[in-house]
Amino acid sequence: MAKNKPRGPKKTPVKMALPKSVIPKQSLDFKNRTLEQEKSFLTKVNPTLYKIDVGFVPGMNVPAYVIVNDELEQLLLEELASSAPGGDKRGGGFLPALKQVANVAALPGIVKGSFAMPDVHSGYGFCIGNVAAFDMDDPDAVVSPGGVGFDINCGVRLIRTNLREEDVSGEKRQELCQSLFDHVPVGVGQDGVIPMNLKDLEDVLLMGMDYCLREGYSWPEDREHCEENGRMLLADPSKVSKRAKKRGVTQLGTLGAGNHYVEVQVVDEIFDETAAQRMGIGTVGQVCVMIHSGSRGLGHQVATDALVEMDRAMTRDGIQLNDRQLSCARIGSDEGQQYLAAMSAAANYAWANRSCLTYLVRRAFSRTFEKNAEDLDMHLVYDTSHNIAKVEEHAMIDPETGEPEIKKLLVHRKGSTRAFPPHHPLIPVSYQLTGQPVLIGGTMGTCSYVLAGTEEGMDYTFGSTCHGAGRALSRNASRRKLDHEEVLKQLEDKGIAIRVASPKLVTEEAPESYKDVIHVVDTCERAGISRKVVKLRPIAVVKG
Amino acid sequence: MADNDDDTTASTPLGKRQSSRRDRRAARATETAQATDDVVVVRVSSNSNRGPSDELERRIAASVERRKKSNVAAALLTVDLKESDYNEILGTYEYLDHTADIQLHSWGNSLGEALEALALALFGYMTKLSLIQVNDQDSADFGTDSSISAHDLTSLVFNFLQEWLCIFHESGFVPRTVCVQSVNLETFTVVSSGKGETMKSHKHVQGTEVKAVTYSNLQVIPANNDDDDESSPLDTTGRWDIWVILDI
């Protein structure tokens with residue numbers, strides 16, 4: 001298979017998107033296995049780690065690993081059981097997360113293993129919470145739009161303030177929440193207020209946060225506290241389709257709907273005093289703002305375009321994969337390069353979008369408290385993305401010599417956050433001693449976390465950890481089981497002000513619909529891939 | 001700023017930085033004023049050293065006013081909600097459970113009918129369809145003769161649904177009815193039209209934003225054809241079933 005091929009200089013020109021040799025051998029055995037037979041491929045290596053052996057799905061190149069806790073273990077096994085043979089196979093249904101993690105391990109050029117974080121759940125192509133790295137020196141290695149997701153560079157940023165919880169209480173809390181809702185365009189089909197034309201959009205795609213800095217939407221120090229300094233240099237606006245641009249031109253500075261939000265939070269608990277001090281959020285009761293959004297319609301369109309393009313190329317070349325949503329292309333192929341350039345441009349758009357939202361949030365705060373944002377100390381703590389593919393260098397053990405060597409990898413993180421350890425060259429000076437801040441968005445009404453990256457995680461999961469709570473209930477089930485009024489009442493009892501554009505989201509996004517973020521974060525800490533720094537709880541929520 | 005490390009920036013007195021930002025903002029305001037005096041230029045894109053424009057301030061102020069007046073959020077929190085307000089069924093389709101996303105299942109007595117129902121299922125998830133009225137102008141502008149081509153049956157369904165989603169994202173147009181005018185399974189092309197209107201926040205209910213259509217477990221089960229033999233000619237009539245997972 002692909003991983004045993006001798007590595008050499010890149011073959012040029014790469015005509016076919018994928019070599020024919022990677023077509024997985026389809027076998028009936030895979031379809032007619034019983035649940036017990038399926039389970040024989042799973043081994044629990046230690047209390048937080050499941051290993052899925054090669055053979056679980058056709059063509060696996062490496063094993064797959066899932067970082068678990070008891071709750072998750074049960075959920076995943078139930079999901080696997082309900083999809084096992086015996087049920088109605090004709091139509092409907094979806095692939096269980098365990099199968100999806102394993103399918104990714106069957107992609108050409110993958111190294112070490114396909115990893116799933118403890119907030120994993122079934123998605124499309126890659127599951128949500130999947131991390132996979134591909135060897136850039138392997139000519140067969142691939143890039144997959146399904147490994148990034150439709151919302152390219154969806155991410156979270158945290159802004160601190162010098163306000164205290166008591167400054168934002170009672171009437172003031174409602175006033176602030178309403179002001180945020182008025183400022184930030186939320187919901188389906190809402191246009192942004194940032195003046196844009198196609199020329200501006202090209203600049204946004206090329207420059208990311210540097211555009212916002214130029215236009216005065218961002219503060220110069222913001223970009224220091226953002227992954228990649230808010231700009232991917234691989235970006236090429238000419239690789240973004242006209243249709244995607246058309247969607248992007250009206251939507252800069254909009255929040256979107258679904259799980260995206262702006263939340264005012266207070267520091268609830270501090271686990272690591274020193275690291276919290278470095279981030280400027282050193283006292284319990286301090287008010288912060290969390291923004292969760294992505295690249296909006298532009299990113300979705302870029303991903304769709306790439307998916308259609310790669311699907312066509314694979315049909316042309318007669319290649320079949322375990323899952324059509326996993327469509328991919330060799331990194332060196334035209335399709336692969338085109339996607340990387342377009343994805344980077346969409347990532348830049350997402351950073352610019354979050355920066356414009358930050359501008360609006362700062363304005364809403366300064367109006368409400370009649371102070372300017374600088375006096376409110378509204379600095380960016382950090383900005384992390386949890387849907388992205390990046391070229392990174394990682395130390396890998398050479399199987400022949402047993403010596404570690406530095407390898408250039410294309411790391412796909414879908415629903416997973418980068419968590420680099422202390423002293424890593426790619427993290428800002430202020431966090432060199434503490435490790436990269438990792439922002440974990442909780443759910444409406446529960447808590448969020450700031451974590452820090454660890455050395456162990458760097459060796460174990462390519463420096464990656466979880467991204468949030470991860471859904472546990474389906475959207476329909478949430479609405480059937482939960483009562484709209486009751487959810488609102490519970491939030492009110494907790495003193496949380498809320499403004500939601502779509503009433504449907506109140507129950508769909510209720511805390512009960514998600515896994516417990518506390519367990520997810522604790523599991524990551526037990527597994528050693530990140531450690532807790534600060535816990536935040538919401539006091540005001542604005543959602544699509 | 002790139003060569004300025006964090007520690008130096010953080011230790012700069014706040015007042016100093018504020019004043020420089022204010023100066024820049026003031027300087028830019030003067031520039032814009034001059035530019036508008038000289039020629040009729042609304043924006044000066046080539047200038048690389050300016051703060052947010054006055055135009056932006058005006059736009060934000062106007063948008064904030066608009067939203068305050070509409071009072072959307074306050075109204076929604078008191079509204080009496082029933083399950084039937086979402087996911088109305090106005091055709092031969094249903095919504096199936098999926099952990100994070102939603103699965104559409106539609107069917108019909110021909111591929112065309114199944115596709116029509118599928119498109120309605122998509123829009124029914126985004127807004128309350130029964131509130132959509134037919135506006136002839138909107139329908140003519142955005143919903144007429146949308147045509148797509150594909151390379152196989154699966155991509156035909158994918159492209160068809162994606163096209164309608166794009167029409168919505170580009171224009172806000174939501175069809176109340178969709179009519180498939182022609183389906184060709186040799187060239188894999190579909191031409192369809194819809195009648196409806198563009199979505200307005202004061203008139204229509206906001207449902208869930210659909211990010212994209214996915215290939216994940218996308219299944220098309222043709223009439224009288226239980227195996228996946230795509231080489232035999234397909235009958236476009238008879239019961240067809242389609243399953244699609246949407247990314248929410």
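A contact here means heavy atoms within 4.5 Å. By that criterion, residues 24 or more positions apart account for 69% of the contacts in chain B with a separation of 6 or more. This is a predicted model, in which local features need pLDDT of at least 70 and side-chain atom pairs count only at pLDDT 80 or more, while totals for chains, interfaces and linings use all residues. Residues are numbered from 1 along each chain as its sequence is written, chains are lettered from A and ligands numbered from 1 in the order in which they are written, and side-chain values use heavy atoms, with hydrogens and water left out.

**Chain B overall**
- Chain B has seven helices and eight strands; helices (H or I, at least four residues) and strands (E, at least two) are DSSP runs, numbered from the N terminus.
- Of the 248 residues in chain B, 49% are buried, that is, under 20% relative accessible area with a 1.4 Å probe, counting protein chains only.

**A sheet in chain A**
- Seven strands of chain A form an open sheet with mixed pairing, in the order S1-S2-S3-S4-S5-S13-S12.
- Strands S1 (42-46) and S12 (387-397) of chain A are at the edges with a single partner strand each, so one side of each has no neighbour in the sheet.
- Strands S4 (residues 110-124) and S5 (residues 126-135) of chain A pair in the antiparallel sense over six bridges; pairing requires that DSSP finds at least two bridges between two strands.
- In this pair, Phe115(A) stands opposite Val131(A) in S5(A).
- Helix H4 (residues 97-104) of chain A packs on the sheet and touches S1, S2, S3, S4 and S5 of chain A.

**Two packed helices in chain A**
- Helices H6 (residues 198-207) and H11 (residues 334-369) of chain A pack with their axes 6 Å apart, at an angle of about 100 degrees; axes are lines fitted to C-alpha atoms over the stretch in contact, and angles run from 0 to 180 degrees between N-to-C directions.
- H6(A) and H11(A) are therefore roughly perpendicular, a term for angles of 65 to 115 degrees.
- Among the residues that meet are Leu201(A) and Val204(A) in H6(A), and Ala345(A) and Tyr349(A) in H11(A).

**Two phenylalanines with positive phi**
- Phe462(A) has phi near 55 degrees, a positive value in a residue other than glycine.
- Phe462(A) lies in the loop between helix H12 (455-460) and strand S17 (464-465) of chain A, and is buried at 1% relative accessible area.
- Phi of Phe188(B) is also positive, near 55 degrees.
- Phe188(B) sits in the loop between strands S4 (173-184) and S5 (189-198) of chain B, and counts as buried at 18% relative accessibility.

Note on methods. Buried < 20%, exposed > 50% of the residue type's maximum accessible area, 1.4 Å probe, protein only. Parallel < 35°, antiparallel > 145°, perpendicular 65-115°, else oblique.
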